[in-house]
Amino acid sequence: MYYPKINNNESIKYATRILNRIEKLSKISENKNNTTRLYLSIEHIKTNKIVEKWMKLAGMQTWQDQVGNIYGRYEACTKKQPAILLGSHLDTVPNAGKYDGILGVLTSIEVVNHLNKNKIHLKKAIEIVGFADEEGTRFGITLLGSKALTNKWKKKWLNYKDKNKITIAHAMKNIGLNTNKICLAKRNTKDIKAYIELHIEQGPYLYKNNSSMGVVSAINGAKRINCTFTGESGHAGTVPIYMRKDPLIATSEWILFIENELLKSKTKIVATIGKINCYPGATNVIPNKIKLTLDIRGPKNNELNKTISNILKKAKEISKKRNIIFNSKKYYSTKSIKCNKKIKNIIKKTINKTQGNCPSLASGAGHDAISMAKKWPIGMIFIRCIKGISHSPKEKVLKKDIIKTIKTYMEIIYNLTEKI
């Protein structure tokens, strides 16, 4: 089947429009001085309406599902064909960058726009989804949008609260969503052939290797653990150092151990202590309790589990030596997900053709593709972000990379509709 390739002038035009639209969406924020767009907020619904308008202009039929995901569908050359689903997310972290998630949705719209402009329909339908909640910022549950598609939404989540004590159920009601119809967001397996996500890398690999694009081989598994070191308070001026049961010192020793172990390790595991609370938190009082979070990720599940076990064992050894108590509780866990081999090869071959090379790399960040892989074959394309900076207002993607990517993305989608 014929399809119109995107020429240089067209790719420049599309890239310019993508960047202009990214700027427009970046202004839709609960704060004037940065981009913060959370799930089930006024900003969420406003963004959906604007993206829906752009989908319609590209020739798509549109709808919003029962958890707030926004969809567009462009029919195949024959009706009732399954779709290649292209997607990413429209929500952000607080004080976010402009491109995370959004770039993938808007680039997908331009591909469909190009097909529609040339009156071309492919062998399979093209659907685009703008996921409502990937980041999990507001309610502490990640991938809520894509979990609804795969029928993994849990009823108990409706009672989860944000920092203002507003439940998910109440927030859904406020924007006109029916909590009794969440199950209708589930998609039938046969209606979708594959899920493809275009996303900024959020790391420095492509930047350091001077590559505009790369193919994702896998998405790292991730574990998040709440940890507590409990010691004994005392007067900062009267208790001798050798008599202290200071949990902060134990915590510090443990954090340095984690860093040293991972630096020596030949694995690609990374760990982050993202939050520490010290109690009672007074200048002249020896702490009696330290609460902290451990985020640890890696591409191989067995290696990741073994590393976690060793790290937690060391925390207990340090605590015993210092006569304090250590406790931990895992509150989040995802296994590493491999991208579909056939899709990965199609992506790699196409990028090789366009770029002359195609780096293959695992994603250290989580994506909606994690949820989607439970029901459909997935593939991911990374586009370079400058210096690997993401989740920050300094996040940036070069226009020349978008120009190159839009042409490649069109060819990838065509090849997928022919071969998947």
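**Close-up views of side-chain contacts and a cavity**

**View 1. A salt bridge between Glu75 and Arg73.** Glu75 counts as partly exposed, since its relative accessibility is 24%. In this predicted model, the side chain of Glu75 meets that of Arg73 in a salt bridge, with an N to O distance of 3.0 Å. Arg73 has a relative accessible area of 13% and is therefore buried, the limit for that class being under 20%.

**View 2. A salt bridge between Lys123 and Glu418.** The side chains of Lys123 and Glu418 form a salt bridge at 3.5 Å, N to O. This pair links distant parts of the chain, 295 residues apart: Lys123 belongs to the loop between helix 3 (102–117) and strand 4 (125–131), and Glu418 to helix 11 (residues 399–419). Lys123 is partly exposed at 37% relative accessibility, and Glu418 is likewise partly exposed, with a relative accessible area of 26%.

**View 3. A salt bridge between Glu253 and Arg322.** The closest N and O atoms of Glu253 and Arg322 are 3.0 Å apart in this salt bridge. Because Glu253 lies in helix 7 (residues 247–264) and Arg322 in the loop between helix 8 (301–321) and strand 12 (325–334), the pair ties together parts that are 69 residues apart in sequence. Glu253 is partly exposed, with a relative accessible area of 24%; Arg322 is also partly exposed, at 30%.

**View 4. Aromatic contacts.** Seven aromatic pairs are found in a search of the whole structure. The ring centres of Trp153 and Trp157 are 5.8 Å apart and the ring planes stand at 70°, so this pair is edge-to-face; angles over 60 degrees fall in that class. Trp153 and Trp157 are both buried. Phe229, Trp254 and Phe326 form one aromatic cluster. Arg224 lies over the face of Tyr332, at 4.6 Å from the ring centre.

View 5. The structure holds one cavity of 30 Å³ or more. The largest cavity contains about 40 Å³ of space. Its lining consists of Arg37, Leu38, Tyr39, His44, Thr47, Leu90, Asp91 and Ala132. Of the residues lining the largest cavity, four are nonpolar, two polar and two charged.

How values were computed:
Residues are numbered from 1 along each chain as its sequence is written. This is a predicted model: local features need pLDDT of at least 70, side-chain atom pairs count only at pLDDT 80 or more; totals for chains, interfaces and linings use all residues. Side-chain values use heavy atoms; hydrogens and water are left out. Rings of Phe, Tyr and Trp (its six-membered ring) pair if their centres lie within 6.5 Å; planes under 30 degrees apart count as stacked, over 60 as edge-to-face and the rest as tilted. Buried means under 20% relative accessible area, exposed over 50%, partly exposed in between (1.4 Å probe, protein chains only). A charge sits over a ring if NZ of Lys or CZ of Arg is within 6 Å of the ring centre and within 35 degrees of the ring normal. On a 1 Å grid over the protein atoms alone, a cavity is a set of points where a 1.4 Å probe fits but cannot get out, and a pocket is an open set with protein on both sides within 12 Å along at least five of seven lines; lining residues have an atom within 4 Å of a point. Grid points are joined across faces, edges and corners, and a volume is the space filled by probe spheres set on the points. Ala, Val, Leu, Ile, Met, Phe, Trp, Tyr, Cys and Pro count as nonpolar, Asp, Glu, Lys and Arg as charged, and the others, Gly among them, as polar. A salt bridge is a side-chain nitrogen of Lys or Arg within 4 Å of a carboxyl oxygen of Asp or Glu. Helices (H or I, at least four residues) and strands (E, at least two) are DSSP runs, numbered from the N terminus.
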